[in-house]
Amino acid sequence: MAAAAAEILNPPLLQDERAPIAKPILTEAAPASPLPGNTAPVRGDRLLDLKINYIDNQIYNPSTGGYDKVHLRGYTGKGVDPGAPYVSPTIEAVPGDTVRIILDNQLPAGPQPGDPGCMTGGQMPDIPHCFNGTNLHTHGLWVSPTGNSDNVLLSINPQTKFTYEYNIPSDHPSGTFWYHTHRHGSTALQVSSGMAGALIIRGGRPPTPTAHGDIDTLIPTSAVPERVLVMQQIQYACRGPAAKQGDLGPIKQDIKGRYFCDPGDVGGIEGYDQFGPGTWPASGRYTSLNGKVFNPTDPMKATQGQIERWRIIHAGVRDTISLQFFKVLDGKLKPGVKTLLRAETTAAFIKDTCDTEPVPYALVAADGLTMAAAQMTKLATLQPGYRFDALVVFPEAGRYCVIDSSAPKSGVVNGLDVSPQLLGLIDVAPGKPVDNVESYVKSILVALAETNMPADVKAAVVSDLKAGIKFTSFTPHPDVTDEEVKGNGTQELTFFIDTTGPDIKFEVGNTLNTADTKPYDPTRIDRQLPLGKAQVWTLQSHFVSHPFHIHVNPFQIVSITDPLGKDVSAPGAIDDIAGTPDPQYPGLKGVWKDTLWIKSLIPQNLPTGFSGIYTITLRTRYERYIGEYVLHCHILDHEDQGMMQNVAVVLPGEVGDAVQGDVMQMHGMPMGGHDAHK
């Protein structure tokens with residue numbers, strides 16, 4: 001399998017004149033990556049052949065201690081791990097590469113039970129549909145959104161083959177990104193089947209006195225081995241008999257709403273009744289790590305005192321993950337002991353099994369972009385679409401719990417008091433003891449800088465690391481200044497769910513007034529943005545909370561104010577207006593991201609006269625690329641039902657009002673390399 005992955009990710013150089021970058025080598029003590037092919041590629045073009053089929057396999061169910069049979073859409077082909085088919089292969093490249101992905105949709109055509117089909121016009125586009133149509137999105141990459149690049153306005157319908165081509169700019173930031181299917185109408189259904197994978201851009205550019213470099217040169221994998229962690233919620237269900245032909249049968253659920261499968265059943269994801277408020281925690285399903293659900297007989301491996309770089313990707317649809325590590329208490333969870341977990345007993349099991357003091361770790365990048373300084377934390381909150389790069393070190397030998405901790409309901413997708421979940425175990429072999437994690441991480445980074453940094457920047461890098469683990473020489477984007485945004489106009493955005501009519505409407509607006517919100521229309525351009533300019537955005541959600549994601553250009557967080565007007569984004573701020581402190585916003589001021597949680601509290605839980613609405617201020621640049629793309633809520637069933645907009649970056653003189661009819665409709669259109677325009 002490793003050889004197959006290497007063949008895909010490291011093909012012969014197509015442009016031999018390119019100077020190769022140094023290829024880091026993992027030391028023998030480094031834990032093996034959970035995904036195949038996770039080694040640094042030499043410079044050269046990449047080719048990946050992804051076939052889309054139904055895959056019959058099984059998923060471990062900790063509640064029963066056995067495996068459930070499942071029939072799910074997924075990718076097949078070279079590089080796909082047959083032992084974990086419901087996670088996509090890792091793609092790696094370096095700046096200057098071209099990544100070509102042949103997407104071969106071999107799913108069946110024709111009507112499917114519960115699927116309205118790939119619409120040909122005259123129907124509402126915001127009803128989930130076209131479950132076997134697909135496309136591909138490189139989440140977070142700074143590449144063109146048009147043609148056969150990161151174009152999500154295409155529909156690659158069943159029995160169609162299409163080649164995506166991503167030209168990675170030579171100045172693209174290194175970092176942790178990901179890719180997933182993004183066909184409006186079936187995005188949630190396909191991503192929740194596991195059609196998502198890591199996309200890593202590796203950099204070999206050291207900083208210079210006049211230019212920033214890649215943090216990869218400070219923490220090469222030869223010294224800091226890495227672990228890729230793709231976290232997913234595969235919400236398969238077994239169904240009873242359908243009432244009539246062409247319908248889906250009812251989901252098999254117990255009296256508490258938990259999904260179950262009878263002997264001989266095969267689980268699937270075929271309808272949007274499998275998504276919605278509270279469905280994930282109620283289902284009793286478990287978050288998978290790299291395509292595998294927690295199995296106590298298959299722990300991860302690490303070494304005491306060995307710093308690792310964890311590339312953590314939230315590739316799920318509608319669950320918040322609060323990541324923590326705890327030492328297993330003495331005498332608990334001994335190797336070889338079978339462990340059964342049930343939803344109603346998991347919290348008690350964790351309390352009885354895992355220590356109460358979490359292991360601290362250092363966040364060094366958010367959404368793939370190196371932060372100005374490491375942030376020590378004992379809990380990182382990941383919303384759908386988020387990524388964090390973390391430096392993790394286990395101070396003692398022994399076994400550790402990987403926990404999705406309980407979080408305040410004001411800060412989670414489902415808006416519920418959700419119990420913690422045991423995601424996995426780590427067996428840590430004896431090595432070097434660690435007394436203080438932060439001091440240890442700092443000392444290792446300083447030593448690496450002394451060894452790896454060029455002489456003309458070494459002193460500056462070492463000084464920054466000693467003064468608070470600052471990465472001043474490695475940040476990929478300069479701050480967006482007051483002068484840069486002056487006179488360029490502003491953008492406002494509101495997410496809203498309209499429940500007043502007979503049908504629920506998922507909407508986005510261009511003002512902070514819910515009267516202006518609209519459901520998605522594939523023929524309408526909602527915003528025109530000026531190429532080469534920077535603007536200020538103000539974001540709110542007026543009905544529950546939503547993760548905002550915009551394609552192509554990332555943004556910098558200026559402030560996040562709570563309903564009482566307090567900025568809770570500064571380091572050390574406390575976001576506690578709802579009672580229990582929510583740790584996800586403090587420390588985000590000045591951080592660059594491409595996905596961000598827009599929080600909205602239930603007004604009756606607040607003092608009289610306050611709305612419950614948080615206000616987020618961002619700044620962003622529209623650089624290099626013109627063309628049409630989308631912004632949307634990354635609760636993907638919300639996106640499929642209309643919480644999305646088309647935006648177009650245009651030449652500055654072409655900015656005008658939103659226009660109708662200039663965006664290609666994807667429904668039923670035959671594909672063959674078309675641009676986003678007709």
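Reader: Where does N290 sit?
Author: N290 is in the loop between β10 (288-289) and β11 (292-293). Keep in mind that this is a predicted model.

Reader: And what's its phi?
Author: N290 has a positive phi of about 55 degrees, although N290 is not a glycine.

Reader: Is N290 buried or exposed?
Author: N290 is buried, because its relative accessible area is 5% and the cut-off for buried is under 20%.

Reader: What about V544, which loop is that in?
Author: V544 lies in the loop between β25 (534-541) and β26. V544 is not a glycine either, and has a positive phi of about 55 degrees. Its relative accessibility is 39%, so V544 counts as partly exposed.

Reader: OK, β26 then. Which way do β26 and β29 run, and how many bridges join them?
Author: Strand β26 (residues 546-550) and β29 run antiparallel, joined by four bridges. One of the residue pairs is H546 with I598, the latter in β29.

Reader: What's the strand order in the open sheet of five strands?
Author: The order is β24-β32-β31-β26-β29, and the pairing is mixed. At the edges are β24 (527-530) and β29 (595-598), each of which pairs on one side only. From one strand to the next, the twist averages 25 degrees.

Reader: Switching to β6. Which side chains point to which face there?
Author: In β6 (residues 160-167), T160, F162, Y164 and Y166 point to one face and are buried.

Reader: What pairs with β6 over eight bridges?
Author: Strand β4 (residues 98-105) does, in the antiparallel sense. Within that pairing, R100 has E165 of β6 as its bridge partner.

Reader: Now H314. Where is it, and what does it touch?
Author: H314 lies in strand β13 (residues 308-314). Leaving out residues up to four places away in sequence, H314 touches a list of residues including W178, M231, D319, L382 and Y386.

Reader: Buried or exposed, that H314?
Author: H314 counts as buried, at 0% relative accessibility. A polar atom of the H314 side chain also lies 3.0 Å from the backbone nitrogen of G316.

Reader: Let's do a helix. What span should α5 have, going by 1.5 Å a residue?
Author: The 16 residues of α5 (residues 437-452) should span 22 Å, and the end C-alpha atoms are 22 Å apart, which agrees.

Reader: Which residues of α5 are buried, and what do they pack against?
Author: V437, Y440, V441, L445, V446, L448 and A449 are buried in α5. The buried residues of α5 pack against β16 (369-377), β18 (387-392) and α6 (455-466).

Reader: What's going on at the start of α5?
Author: A side-chain oxygen of N436 comes within 3.2 Å of the backbone nitrogen of E438 there.

Reader: Last one, zooming out. How many helices and strands are there in the protein, and what share of residues is buried?
Author: There are eight helices and 33 strands. Of the 678 residues, 61% are buried. The protein exposes about 25,000 Å², with carbon and sulfur atoms supplying 54% of that.

Reader: And the contacts, what fraction joins residues at least 24 apart?
Author: That would be 76%, among contacts between residues at least 6 apart in sequence.

Notes
Residues are numbered from 1 along each chain as its sequence is written. This is a predicted model: local features need pLDDT of at least 70, side-chain atom pairs count only at pLDDT 80 or more; totals for chains, interfaces and linings use all residues. Side-chain values use heavy atoms; hydrogens and water are left out. Helices (H or I, at least four residues) and strands (E, at least two) are DSSP runs, numbered from the N terminus. The expected span of a helix is 1.5 Å times one less than its number of residues. Buried means under 20% relative accessible area, exposed over 50%, partly exposed in between (1.4 Å probe, protein chains only). Contact means heavy atoms within 4.5 Å. A polar contact is a pair of N or O atoms within 3.5 Å; within protein, one must be able to donate a hydrogen and the other to accept it, and residues adjacent in sequence count only if both atoms are side-chain atoms. Two strands pair if DSSP finds at least two bridges between them. Axes are lines fitted to C-alpha atoms, for helices over the stretch in contact, and angles run from 0 to 180 degrees between N-to-C directions. Accessible areas come from the Shrake-Rupley method with a 1.4 Å probe; for residues, only the protein chains shown count as cover.
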